[in-house]
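Trainee: I am new to this structure. Please pick the surroundings of the ligand and take me through them closely.

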Amino acid sequence: MHAELLVPSASNIKRCAQALQSGELVAFPTETVFGLGAAVSQLGAIEGIFKAKGRPSEHPLIAHVAPGAELTGWVAELTLTMQKLMNAFWPGPLTLVVPKGERMPFEVTGGQNSVGIRCPSHPVAIELLKATGVPVAAPSANRFGKVSPTRASHVLAELGDRIPFILDGDVPEVGIESTIVSLLDDQPAILRPGAITAAQIEAVLGVAVKSHGEVSKTPNANPRVSGALEKHYSPDAKVWVLQASELAALQLQNKTLCVGWTDEFLAQADALREKCGEVLVEALSDKPGEVAKALYATLRQADELACRQVLFEKPGQTPDWEAVNDRLKRASA
Ligand code: TXA
Ligand code: MG
């Protein structure tokens, strides 16, 4: 099989919706990362997702819905808490983990009674979901354990020989996976940090939210969240997360990509280049959202440029950097 890369014209979106309805896989852009989609009603296609990714089949998938889609049957109940979060953050990068409805297949939920559901804001995703008419299960469109794709070319390189269609679209605005909040217990809990923070969710709900830090300290924290595996989101190059002051002492043997945003880090990286030779320096803009947006493409670039290692500037340990710190920790594990 060789994937067709399709521009997101109305007719191509319609064609992809029909492909989903008839049980084929379609990769498509969202505002976070590209997803590998299958209609939740097509169990053969759901199985195909796990095969294409090489992902263990007990890992639950996120079901994507169009704005205003009827959720009855897909989730057990539309609670007031859900409605508040949907009104505040949908369409957008927030996944709600809630009790599943009777129509949602266990194949999608990894055998669990809960389902992760989200309404993406990327216009191509919205049009595709509207035209498909049923929820679309979609993990990130990368091979298991690898860096999530933020360009159609990333999907083509990794899954092009395994899926029939890749729908292109504007570059994801957010660049890292959605925030996942579990509403299964009395207290909402962040299972995966993302662009929407615990503080933003607290402000909407008016109750305390269990932070991702607290959740990951709890013994038996849900191991089924693949984003919760220690090593994940990794390029082939070794990733080191370092402060500017740590660069000075380094002696580098191999081709290296340095990525940072403060003047101090970039100056130290330039000095390394003069001292050690094969050092490439990439400057990012200093906002957490901008670093998140560039993060995965930058990690992939290290592999494309045949760098053996990436020296990534260590962000501050503040809530606005939490999601980037989380992904860097896993990429460097
Ligand atoms: O931004 C995103 O969420 C992207 C785009 C494509 O929408 N999707 C994504 O999917 O990141 P994936 O499969 O790579 O990660 C989804 C995470 C998984 O780690 C999965 O375990 C967790 O969501 N998840 C889904 N349903 C769950 C459930 N019922 N309980 C606990 N975790 C769940
Ligand atoms: Mg993933």
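Mentor: Start with β6, which gives the largest share of the shell around ligand 1, three residues. This is a predicted model: local features need pLDDT of at least 70, side-chain atom pairs count only at pLDDT 80 or more, and totals for chains, interfaces and linings use all residues. Residues are numbered from 1 along each chain as its sequence is written, while chains are lettered from A and ligands numbered from 1 in the order written.

Two strands, β5 (94-99) and β6 (114-118), each supply at least two shell residues. Strands (E, at least two residues) and helices (H or I, at least four) are DSSP runs, numbered from the N terminus.

The shell holds 29 residues, and Thr32, Gly35, Pro60, Gly116 and Pro139 come nearest. Near means a C-beta atom, placed from the backbone, within 6 Å of the molecule. By class, 13 are nonpolar, 14 polar and two charged. Ala, Val, Leu, Ile, Met, Phe, Trp, Tyr, Cys and Pro count as nonpolar; Asp, Glu, Lys and Arg as charged; the others, Gly among them, as polar.

The peptide bond from Trp90 to Pro91 is cis, with omega near -10 degrees.
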